[in-house]
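Me: I am new to this structure. Please take a close look at the salt bridges, then go on to the pockets and the cavity.

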Amino acid sequence: MEKGDTHKMLTAFVEGMEEAGATVETIFAKRFKIRPCLGDFDCWYEKVGKCSQTDDMEKLYPKFREADILVLAIPIYFPLPGEIQNLLNRLMPLIEPILEFRDGRTRAKFHDDVKISKIVLVSTGGWWEKENMDLVVHFVEHMAKDASVEFSGAVLRPHAFLMNKYKEKAEEVLSETRKAGTQLIKEGKMSKDTLEGISRPLEPEKELREWYNDAYQKAKESSL
Ligand SMILES: Cc1cc2nc3c(=O)[nH]c(=O)nc-3n(C[C@H](O)[C@H](O)[C@H](O)COP(=O)(O)O)c2cc1C
């Protein structure tokens, strides 16, 4: 959590948002007792807008209803950590199931008491290329479309752990990340250049791949 690279990126992004005047609250999915969704659709067809389970989500629903922007900070865990998946599934009571068919897709929207108008992704991964994070980008984009709100883009940091090795480049990445947070609040969107700067390669692909393969080779030899 706080020690991770996703938090490092999120912190910079939030600083940028706060500099631009936003009030931000960070919630760590792992710190709350959030059971998996039961899939009974009670929140849609029994007690509208209310989950039948009683756990920490009760404390979180009001926060999600009040927020203007939802920033999801997700490390890639092929595709996402279970705790975050559980939390996202439990957002179902926020969705009003009046279905529409737009551009060949079934869509719903948030209930009127949910203020969220934009969803943003901040994500880190271990592999070299940012395209490896496409699955999660697509997932969050899909979620925004299903709720009929804007997907405002993805702040992506591939091979994020190398920020510890390349301190100067890391500072530049974090500064661009702050800038993205400020842009989101001040201009309503993050620029393509800023997002590309955040995802820039920190070292050549071959070098990183060889480092991974050496690390595995050493581990294999030492466990013989
Ligand atoms: C179970 C697991 C699966 C992972 N799968 C991927 C993956 O598919 N692609 C990737 O780029 N990184 C993958 N990673 C690496 C993490 O995404 C990466 O180290 C990330 O920066 C961790 O963020 P954190 O420091 O906030 O925990 C995986 C890590 C774990 C533990």
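Reply: A salt bridge here is a side-chain nitrogen of Lys or Arg within 4 Å of a carboxyl oxygen of Asp or Glu. The model is predicted, so local features need pLDDT of at least 70 and side-chain atom pairs pLDDT 80 or more, while totals for chains, interfaces and linings use all residues. Residues are numbered from 1 along each chain as its sequence is written, and side-chain values use heavy atoms, without hydrogens or water.

Side chains of opposite charge can pair when their charged atoms come close. By the rule above, there are 20 salt bridges.

Start with Arg-90 and Asp-55. Their side chains meet in a salt bridge, at 2.8 Å from N to O. Arg-90 sits in the loop between α4 and β2, and Asp-55 in the loop between α2 (42-45) and α3. Elements are DSSP runs numbered from the N terminus (helices: H or I, at least four residues; strands: E, at least two). Buried means under 20% relative accessible area, exposed over 50%, and partly exposed in between (1.4 Å probe, protein chains only).

Next, Asp-113 and Arg-65. Their side chains form a salt bridge of 3.2 Å, N to O. Asp-113 is partly exposed, with a relative accessible area of 45%. Arg-65 is buried, at 18%.

Glu-141 and Lys-145 make another pair. Their closest N and O atoms are 3.8 Å apart. Both residues lie in helix α5, four residues apart, about one turn of the helix. Glu-141 is partly exposed at 28%. Lys-145 is partly exposed at 42%.

Salt bridges can also join up. Glu-96, Lys-109 and Asp-112 are linked in a network of them.

Now the spaces. On a 1 Å grid over the protein atoms alone, a cavity is where a 1.4 Å probe fits but cannot get out; a pocket is an open set with protein on both sides within 12 Å along at least five of seven lines; lining residues have an atom within 4 Å of a point. Points are joined across faces, edges and corners, and volume is the space filled by probe spheres on them.

The largest pocket holds about 1300 Å³. Its lining has 42 residues, and Leu-10, Thr-26, Ile-27, Val-71 and Ala-73 lie nearest its centre. Helices α1 (5-19), α3 (57-66) and α4 (82-89), with strand β1 (69-75), each supply at least two residues. β1 gives the most, seven. By class, 27 are nonpolar, eight polar and seven charged. Ala, Val, Leu, Ile, Met, Phe, Trp, Tyr, Cys and Pro count as nonpolar, Asp, Glu, Lys and Arg as charged, and the others, Gly among them, as polar.

The second largest pocket has about 350 Å³. It is lined by 18 residues, with Leu-88, Met-92, Ile-95, Met-143 and Asp-146 nearest its centre. Two or more come from each of α4, β2 (95-102), β3 (105-110) and α5 (134-146).

One cavity reaches 30 Å³ or more. The largest cavity has a volume of about 110 Å³. Of its 15 lining residues, Cys-37, Leu-38, Asp-40, Cys-43 and Cys-51 lie nearest the centre. That lining has eight nonpolar, four polar and three charged residues.
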